[in-house]
Amino acid sequence: MSDLVRDILTGALVLVSAVMCLAAGVGLIRFPDVLSRLHAATKPQIFGLMAVTLDVAVNNLTLATVTLVVAIVLFQALTAPMAAHLVGRAAYTSEHLRSDILIIDELSGRGRH
Amino acid sequence: MTTVRVRLANFASQLPLLAGLVVLWMLLWGKFTWLNLVTGAVLALLVSVVFYLPAVKLSGRLNPWFTLTFLMRLLSDIARASTEVALLALWPRLRLTNAIIQVPLRTRSDLILTWTAVATSIVPGSIVVDIDRVNSTLYLHVLNMKSIAETDTFRESVMKTERRIVNAFGSKEDLERVRRLQSATKHPGRHEKHESEGSV
């Protein structure tokens with residue numbers, strides 16, 4: 001791969017990652033309630049992480065890097081939804097949510113356990 | 001005699017998971033050496049004995065092609081939905097309406113239920129709030145839903161994810177069940193489910 005192509009790719013990937021993290025931060029402040037904020041806090045960040053680790057792999061293409069990158073992304077992908085689920089569930093059961101911005105709530109009245 | 005055989009069979013069914021742990025160990029070291037293989041195997045055994053959990057029932061079926069298409073689709077979903085959530089966060093006029101919807105899945109396997117839950121909640125825009133394991137039902141909090149029609153579309157997309165996962169590595173029974181229910185009800189709405197579930 002020529003240096004120019006690699007530079008462009010690096011720039012693009014780092015930029016994508018940075019924009020995703022910025023959006024996550026902005027969303028964290030702007031979104032109206034706990035559950036919506038969780039979306040901003042946990043999700044675009046995974047895509048940003050994928051982009052930045054891919055960038056590391058592109059710039060340092062060895063087997064060890066690639067396997068480590070795979071492990072990092074795999075663990076993030078497995079653990080972030082769990083964290084989001086636990087916080088979301090706690091927020092729902094303790095009624096830390098704004099029901100006025102829910103257009104439908106099919107979980108309500110189903111015995112909160 | 002039989003207990004020994006049952007134990008051996010149980011052990012054999014857990015082998016793919018042990019192998020997974022060993023591979024993970026080597027991923028962390030970043031290279032393959034025989035020493036890594038041996039220490040990985042010892043650690044995998046140690047971990048599964050010391051941190052004992054109820055055995056995961058693997059389906060014993062894997063379709064490489066469907067697995068690949070499922071993973072590719074998952075990646076593109078993550079990319080698309082991340083951009084959507086990012087745009088939403090940065091959009092100047094923010095008027096957010098959300099929904100908590102019930103998605104009745106067709107599978108009866110814990111493994112597929114877990115995979116579907118993880119696959120839907122890793123895609124930005126939806127969080128699993130609660131799971132009804134007995135009825136294989138997911139309760140999802142979905143960001144930026146404007147109308148009931150949109151929630152119906154979203155529900156169907158989750159069921160399509162489930163279908164892709166079952167196609168990829170679901171058991172034969174699940175595969176048949178999903179195909180049968182798919183053809184029986186084109187629109188498995190939430191209303192018919194409510195009555196049958198009152199007791200739970």
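Predicted model: local features only at pLDDT ≥ 70, side-chain atom pairs only at ≥ 80, totals over all residues.
**Stop 1: helices 2 and 3 of chain A**

Select residues 34–59 of chain A, which form helix 2, and residues 63–93 of chain A, which form helix 3. Their axes lie 10 Å apart and the packing angle is about 180°. Helix 2 of chain A and helix 3 of chain A are therefore roughly antiparallel. To see the contact from the helix 2 side, show side chains including A:L35, A:L38, A:I46, A:L49 and A:M50. On helix 3 of chain A, the contact residues include A:V69, A:I72, A:V73, A:A77 and A:A80. Colour this contact by class: 16 residues are nonpolar, six are polar and none is charged.

**Stop 2: helices 3 and 5 of chain B**

Move to chain B and select helix 3 (residues 64–90) and helix 5 (residues 148–169). Here the axes come within 7 Å and cross at roughly 150°. An angle over 145 degrees counts as roughly antiparallel, so helix 3 of chain B has that relation to helix 5 of chain B. The crossing of these two helices is left-handed. Helix 3 of chain B contributes B:F66, B:T67, B:F70, B:R73 and B:D77 to the contact. Facing them from helix 5 of chain B are B:T161, B:R164, B:I165, B:N167, B:A168 and B:F169. By class, this contact has five nonpolar, three polar and three charged residues.

**Stop 3**

**Stop 4: the interface of chains A and B**

Now display both chains and select the residues in contact between them: 48 from chain B and 43 from chain A. The area buried between the chains is about 3900 Å², and carbon and sulfur atoms give 70% of it. Which residues of chain B lose the most area to chain A? They are B:L27, B:I100 and B:I127, together 16% of what the chain B side buries.

**Stop 5: salt bridges across the interface**

Two salt bridges are found across the interface of chain B and chain A. For a salt bridge between the chains, select B:R155 and A:E106, whose closest N and O atoms are 2.9 Å apart. Over all chains, the count comes to nine salt bridges.

Definitions and conventions. Residues numbered from 1 in each chain as written. Chains lettered and ligands numbered in written order. Heavy atoms only, no water. Axes fitted to C-alpha atoms, helices over the stretch in contact; angles between N-to-C directions. Helix = DSSP H or I, 4+ residues; strand = E, 2+ residues; numbered from the N terminus. Parallel < 35°, antiparallel > 145°, perpendicular 65-115°, else oblique. Left-handed = near helix turned anticlockwise from the far one by under 90°. Contact = heavy atoms within 4.5 Å. Nonpolar A, V, L, I, M, F, W, Y, C, P; charged D, E, K, R; others polar. Buried area = accessible area lost by both parts, 1.4 Å probe. Salt bridge = Lys/Arg side-chain N within 4 Å of Asp/Glu carboxyl O.
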